[in-house]
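The exercises below are to be worked with the sequence and the 3D structure at hand. Each task is followed by a solution in steps.

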Amino acid sequence: MDLSLNDTQRLIQDSARDFVRGSCGRDVLLDLDRNPERMMSTLWPQMCELGWTGMGIPEEFGGTGNSLTDLAVLFEELGAAPLPGPLFSSAVLCARILLEAGTESLKREWLPQVADGKRVFALALTEARYGWSRETILTRATKEADAFILNGTKAFVFDALHATDLIVAARNESGVDLFRVDARAPGVAIRRLEGFLTGLCEVVLENVRVSAADRFGTTDSWDALESAMLTAAPVLCACKVGGCRSVFDMSVNYARERTQFGQPIGRFQRVQDHVIHIVNYLDAARWTTYEALWKLDTGADTAAASVHVAKSVASESYLRACDYAHEVHAGIGVMREYGLTLHTKMSRSLYHCLGAPQEHRKRLESALGLVPTSQ
């Protein structure tokens, strides 16, 4: 297993670092935290110009067909900022769903527009009975002539605030289907949920009419959806690796600069203990993530199990690394202007995205062929 970066990945890494240094300073990120709608008029056009919106899309649909590891290198740098916005939701997750579950006409019509950034997609899946499994879907799709009528409420929808289109999971007589819904269609109401960095929203669907052409296939789409989410998950994990790396750097620098009792606080064993915890979480997230990516890119049989491990470990690691970073920083760490709280909010916002660690540990048992233990 070779986890070293190739020439293309080093170029992606350098480009992303230059972008973060030049366009994503602390003041910019703090402003986006309070005014997320400014993302689409400021940073999004630059990201589209750099070609990042097409990296996860095959060349035949207008993208550049990069590997998952290429995408992960990019998202690790964006996660280090941390940079919010719909790049993952639209150009990675929803693009993958379109590829795996969409009809040929849907792919031809929408993937090129996702690749150039003209359309922004978001996945509307989770509901009040929060979860990323088939059983939690209660939104109904009722057949009516050559269309479907959607009714239901989606909770904690990532990046719906920026979306031009939604991929909605709804239940009908054939199981759980997916539908492309115009985010500005009559009957669609989007409300931002305060307190989250990543643009989480509530989406209410009230008698929303969707044409049959916007239905993903003619049968149950859940298996294809799960496959797409499994493939996209390690890219999200790479974002968390970048976050862990950033809070480690912040903590080490602060421990070197902050003095108490005539010496840097980094000389105190308890502070060193906190930093070591962060290092351990960073290493665990990094190696499990890139192992999963390598297995997916090479088609290894055990890729699914590695993805479940990576998602579980990376979510816990980012959250715990932020906790220990606050232990190092103490009072200054909670000052909004300092920037650590941006990572704290991001680690909490992304913790459950694509499934909580506990859910992935349960799925790991199935991937390994183990008998689930009784609860």
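**Exercise 1. Describe the hairpin formed by β2 and β3, and the residue with a positive phi in its turn.**

Solution. The model is predicted, so local features need pLDDT of at least 70 and side-chain atom pairs count only at pLDDT 80 or more, while totals for chains, interfaces and linings use all residues. Residues are numbered from 1 along each chain as its sequence is written, and side-chain values use heavy atoms, with hydrogens and water left out.

Step 1. Strands (E, at least two residues) and helices (H or I, at least four) are DSSP runs, numbered from the N terminus. Strand β2 covers residues 140-144 and strand β3 residues 147-157.

Step 2. Two strands pair if DSSP finds at least two bridges between them. Here 5 bridges join β2 to β3, and the strands run antiparallel. Glu144 has Ala147 in β3 as its bridge partner.

Step 3. The hairpin has 2 residues between its strands. Ala145 lies in this loop, and its phi is near 55°, a positive value in a residue other than glycine. For context, most residues other than glycine have a negative phi.

Step 4. Relative accessible area (1.4 Å probe, protein chains only) under 20% means buried, over 50% exposed, and in between partly exposed. Ala145 has 64% and is therefore exposed.

**Exercise 2. Which strands pair with β4, and in which directions do they run?**

Solution. Step 1. Strand β1 (residues 121-124) is joined to β4 by 4 bridges, and the two run parallel. Leu123 stands opposite Ile167 in β4.

Step 2. Between β4 and strand β5 (residues 175-182) there are 8 bridges, and this pair runs antiparallel. Arg171 has Val176 in β5 as its bridge partner. A hairpin of 2 residues connects β4 to β5.

Step 3. Of the 8 residues of β4 (residues 165-172), 7 are buried, so the strand is largely enclosed by the rest of the structure.

**Exercise 3. Locate Pro86 and list what it touches.**

Solution. Step 1. Pro86 sits in the loop between α5 (68-80) and α6 (87-101). Pro82 lies in the loop between α5 and α6 as well, and a cis peptide bond with omega of about -10° joins Ala81 to Pro82. By comparison, most peptide bonds are trans.

Step 2. The relative accessible area of Pro86 is 0%, so Pro86 is buried.

Step 3. Contact means heavy atoms within 4.5 Å. Not counting residues up to four places away in sequence, Pro86 touches Met39, Met40, Trp44, Ala91, Val120, Asp159 and His162.

Step 4. One of these partners, Asp159, is found in the loop between β3 and β4. Asp159 has a phi near 65°, a positive value in a residue other than glycine, and is buried, with a relative accessible area of 5%.

Step 5. Gly199 is 113 residues from Pro86 in sequence, and the C-alpha to C-alpha distance is 8.4 Å.

**Exercise 4. Characterise the packing of α5 and α8, then examine Thr231.**

Solution. Step 1. Two packed helices are described by the angle between their axes and the distance between the axes. Axes are lines fitted to C-alpha atoms, for helices over the stretch in contact, and angles run from 0 to 180 degrees between N-to-C directions. For α5 and α8 the angle is about 35° and the axes are 7 Å apart.

Step 2. A crossing is right-handed if the near helix is turned clockwise from the far one by less than a right angle, and left-handed if anticlockwise. The crossing of α5 and α8 is right-handed.

Step 3. Among the residues that meet are Leu68, Leu71 and Phe75 in α5, and Thr231, Val235 and Ala238 in α8.

Step 4. Thr231 belongs to helix α8 (residues 222-257) and counts as buried at 10% relative accessibility. Leaving aside neighbours within four places in sequence, Thr231 is in contact with Leu68, Arg96, Glu100 and Leu296.

Step 5. A polar atom of the Thr231 side chain lies 3.0 Å from the backbone oxygen of Ser227.

**Exercise 5. At what angle do α10 and α11 pack, and with which handedness do they cross?**

Solution. Step 1. Helix α10 packs with helix α11 (residues 340-349) at about 155°, the axes being 9 Å apart. That makes α10 roughly antiparallel to α11, a term for angles over 145 degrees.

Step 2. The crossing is left-handed. Residues that meet include Tyr318 and Cys322 in α10, and Leu340 and Thr344 in α11.

Methods. A polar contact is a pair of N or O atoms within 3.5 Å; within protein, one must be able to donate a hydrogen and the other to accept it, and residues adjacent in sequence count only if both atoms are side-chain atoms. Angles under 35 degrees count as roughly parallel, over 145 as roughly antiparallel, 65 to 115 as roughly perpendicular and the rest as oblique.
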